[in-house]
Amino acid sequence: MILLVGGEKGGSGKSCLAQNIAVHVTQKYAAKVLMVDCDPQRTTSDWIQARNTDESLPAINCIQLYGKIRNDLLSLDERYDYVIVDCGGQDNLAMRAAMSVATYVMIPLRPKRRDLKTLPHMEDMLSTCKMVNPKMVATIVLTQCPALPTQVKRILEAKEVVESFGLRVLNSVTFSRNIYDDSEEKGSSVIELDPSGKAAEEIRAIADELFAIPPENSYELN
Ligand SMILES: Nc1ncnc2c1ncn2[C@@H]1O[C@H](COP(=O)(O)OP(=O)(O)O)[C@@H](O)[C@H]1O
Ligand SMILES: [Mg+2]
């Protein structure tokens with residue numbers, strides 16, 4: 001199964017989510033996981049490198065791929081339970097290639113105007129890819145949400161904006177927490193750093209909500 005964590009906005013939490021979901025499925029399903037790093041900045045590759053220096057952390061495989069990666073992903077999909085693609089905005093070709101074969105596409109956005117402004121283009125790209133990949137389940141996930149109760153409205157409004165573009169948005173979100181940064185530096189995940197913490201809960205909720213959505217089978221014109 002191929003999961004693309006993509007989107008064109010830098011800093012929205014793509015690498016962070018890809019890494020934490022990789023650890024989650026490795027733990028929960030004893031799954032054979034491959035991470036594919038399409039970002040020339042190599043955030044996830046560096047994370048894997050930091051991870052490999054700590055023997056207490058179970059190893060996760062990672063490769064770098066750029067550009068026309070469709071066929072590579074299809075053959076890797078046969079050898080792994082989960083192929084998790086971390087695709088930054090720089091490599092548009094890799095992102096579209098991954099969208100053409102992924103079963104799940106998750107696009108993290110912060111509930112901020114500058115992130116939400118990418119929605120029209122994302123919707124355009126997703127609906128084009130859906131024509132060649134009708135099984136694709138695409139969803140936005142809100143990340144780095146403000147934890148203050150007075151800011152709940154901001155999260156709800158962002159969800160409404162996403163839905164106004166006809167896109168799906170997960171109920172589960174991540175809140176802004178230092179542990180995401182702290183675990184990244186150590187090559188770890190929030191689940192490993194604090195298994196019963198709130199961030200670990202968020203990651204489990206996001207992954208479980210996403211994978212509970214069945215792959216779609218037909219392309220409907222609307
Ligand atoms: N929910 C969160 N709370 C706090 N910091 C976060 C959260 N999610 C991600 N981050 C941090 O934000 C920064 C950017 O995230 P990253 O995953 O690298 O973004 P992207 O891959 O989309 O460019 C990283 O330092 C990461 O640790
Ligand atoms: Mg990244």
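In what order do the strands form the open sheet, and is the pairing parallel or antiparallel? The 6 strands are arranged 3-2-4-1-5-6, with parallel pairing. Strand 3 (61-64) and strand 6 (137-142) are at the edges with a single partner strand each, so one side of each has no neighbour in the sheet. From one strand to the next, the twist averages 20°. Strands are DSSP runs of E of at least two residues and helices runs of H or I of at least four, numbered from the N terminus; two strands pair if DSSP finds at least two bridges between them.

The model is predicted: local features need pLDDT of at least 70, side-chain atom pairs count only at pLDDT 80 or more, and totals for chains, interfaces and linings use all residues. Residues are numbered from 1 along each chain as written, chains are lettered from A and ligands numbered from 1 in the order written, and side-chain values use heavy atoms, without hydrogens and water.

Strand 5 (residues 104-109) runs parallel to strand 6, joined by 6 bridges. M106 has T139 of strand 6 as its bridge partner.

| Helix | Lies across | Angle |
|---|---|---|
| Helix 1 (residues 14-29) | strands 1, 2, 4, 5 and 6 | about 170° to strand 4 |
| Helix 2 (residues 43-52) | strands 2, 3 and 4 | about 135° to strand 2 |

Contact means heavy atoms within 4.5 Å. Angles run from 0 to 180 degrees between N-to-C directions of axes fitted to C-alpha atoms, for helices over the stretch in contact.
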